[in-house]
Amino acid sequence: MPRQITVKASFSEKPITALRREHISGDLPSDLQEGELLHLRDKNGKFTATAYHGVQNRAIGWVISKRQLDAIDADFFAHKFENAFAKRLPLLRNKKTNVFRIFNGEGDGVGGLTIDYYDANILINYYSEGIISYRKQIIEALKRTAEFATITEKNRSQKLVETESSKRGDFVVLENGVKCRVNLESGGMTGIFMDQREVRQAIRRNYAKNRNVLNLFSYSALFSVFAVLGGAKSTTNVDIARRSHEIAEANYALNGISAASHKFITEDVFEFLIRAAKQNRKYDLIIIDPPSFSTSNGVAFSTEKELGKLIDAALAVSSKNAALVISTNNSKISKEQFSKLVGKRIKIREEFSLPADYRANRDLPESSYLKVAIGTPL
Ligand code: SAH
């Protein structure tokens, strides 16, 4: 049976999707298990919403219905999935793109759960032990809603990424006609960050022609591949992990690009930028898309502290009319903070956020984590 939880007036009067400890009057029951349903009530006992208990960053649970639900089963999830998939029909029918998000957590009505589509192979990400307790119902609902080739699950709760994989090995997906090598088996990264789809398209269309491109934190170098296809003269990819460049070179080859005028440099970005500035090198398109945090090979980096410093170092190797693409997925940096920090350093021409398949939740501006600005040196 669901637990009866009293919430504060501030919450019951204007409930939001993410339930936090500060919304609750008193303590949570000490024997409460992740996954249990909660009936949220105001201090007079009036019903507010049904949530499930799942611990994820600041959330201790997610509101999943305004109705009083006593249990959630495969039907519950199937209904949510049908609605979500219907909203992705244009993408499901698009012949040039077969990699996108088909279910985006709280934006689609179930926080803590995302589902991505990789050419009919499904990747489920669980973000709490609470949502994992509904695994069976989720898989059954998926199978009932549509036909998929394989289903792979990742447990991303508590920073742990475990994969129970049913899709083995590398395979190729398409984004706006561009081929990309992916792998769903290990780790958190699959080869593509699909939330950058619109930025890659903008780079190919409007910012690449005849440019010498510097791609920092290049990973699988999809920004560079789009730039080359948009007419870039050269690309220089910098990433601290040699493994990234193996994927990147495979992506160049898949798209018929010879590696001749392209560089793949295994180095810390800051060290690279110091060296490039000393050698007076200049680039006409610089892409800066760092991870929020990283400790690759013992080098610690945090965008919150270092994004400004990073942009300044990149400006030192920018040609006069260069375009800079600056991106962060750090949800701790607000849109306003980002625009201010970036706007102090470049003249912003265009900004991007998450594409429509990463459905936003109106209650939670911070869930719209992606911020991208494109501009020129001041
Ligand atoms: N921009 C990429 C995604 C970046 S993922 C894309 O669009 O696909 C983060 C990458 O940064 C990883 O490949 C990681 O190896 C690299 N990285 C992390 N810290 C680094 C550092 N200090 N210098 C260079 N690369 C770094």
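Select D75 and R144. Their side chains meet in a salt bridge, 2.5 Å from N to O. A salt bridge here is a side-chain nitrogen of Lys or Arg within 4 Å of a carboxyl oxygen of Asp or Glu. The pair links distant parts of the chain: D75 sits in helix α2 (residues 74-87), R144 in helix α5 (residues 135-145), and 69 residues separate them. Helices (H or I, at least four residues) and strands (E, at least two) are DSSP runs, numbered from the N terminus. D75 is partly exposed, with a relative accessible area of 48%. R144 is partly exposed too, at 45%. For these classes, buried means under 20% relative accessible area, exposed means over 50%, and partly exposed lies in between (1.4 Å probe, protein chains only).

A note before moving on. This is a predicted model, in which local features need pLDDT of at least 70 and side-chain atom pairs count only at pLDDT 80 or more, while totals for chains, interfaces and linings use all residues. Residues are numbered from 1 along each chain as its sequence is written, and side-chain values use heavy atoms, with hydrogens and water left out.

**Helix α2**

Now show side chains. A74, F76, F77, A78, K80, F81, A84 and F85 are buried. What covers them? The cover includes β5 (59-65), α3 (89-93), β6, β7, α4 (129-132) and α5.

Side chains of opposite charge can pair when their charged atoms come close. The model has 20 salt bridges by the rule above.

R135 is in helix α5, E164 in strand β10 (residues 162-164), and the two are 29 residues apart. R135 is partly exposed at 30% relative accessibility. E164 is also partly exposed, at 49%.

Next, select R359 and D108. The closest N and O atoms of this salt bridge are 3.4 Å apart. Buried or partly exposed: which is D108? At 9% relative accessibility, D108 counts as buried. R359 is partly exposed, with a relative accessible area of 29%.

Then select R3, D31 and E36. These residues are linked in a network of salt bridges.

**N104 in strand β6**

N104 is in strand β6. Leaving aside neighbours within four places in sequence, N104 touches R88, L113, T114, D357, Y358 and R359. N104 is buried, at 11% relative accessible area. Its side chain makes a polar contact of 3.0 Å with the side chain of R101. A polar contact is a pair of N or O atoms within 3.5 Å; within protein, one must be able to donate a hydrogen and the other to accept it, and residues adjacent in sequence count only if both atoms are side-chain atoms.

**H53 in strand β4**

Select H53, in strand β4 (residues 47-56). H53 is buried, with a relative accessible area of 6%. A polar atom of its side chain lies 2.8 Å from the backbone oxygen of I60. Beyond neighbours within four places in sequence, its contacts include E36, L38, I60 and G130.

**The ligand**

Now centre on the ligand. Which residues come nearest? Of the 16 residues around the ligand, they are F217, D239, D268, V269 and D289. A residue is near if one of its heavy atoms lies within 4 Å. A polar side-chain atom of D268 lies 2.7 Å from a nitrogen atom of the ligand. A backbone N or O atom of F217 lies 2.9 Å from a ligand nitrogen. A backbone N or O atom of V269 also lies 2.9 Å from a nitrogen atom of the ligand. The protein covers 95% of the 580 Å² of accessible area that the ligand has on its own. Accessible areas come from the Shrake-Rupley method with a 1.4 Å probe; for residues, only the protein chains shown count as cover.

**Last stop: N329**

Select N329, in the loop between β19 (318-328) and α11 (335-343). N329 is partly exposed, with a relative accessible area of 31%. Apart from neighbours within four places in sequence, N329 is in contact with P290, S292, Y369 and L370. A polar contact of 2.7 Å joins the side chains of N329 and S292.

How values were computed. Contact = heavy atoms within 4.5 Å.
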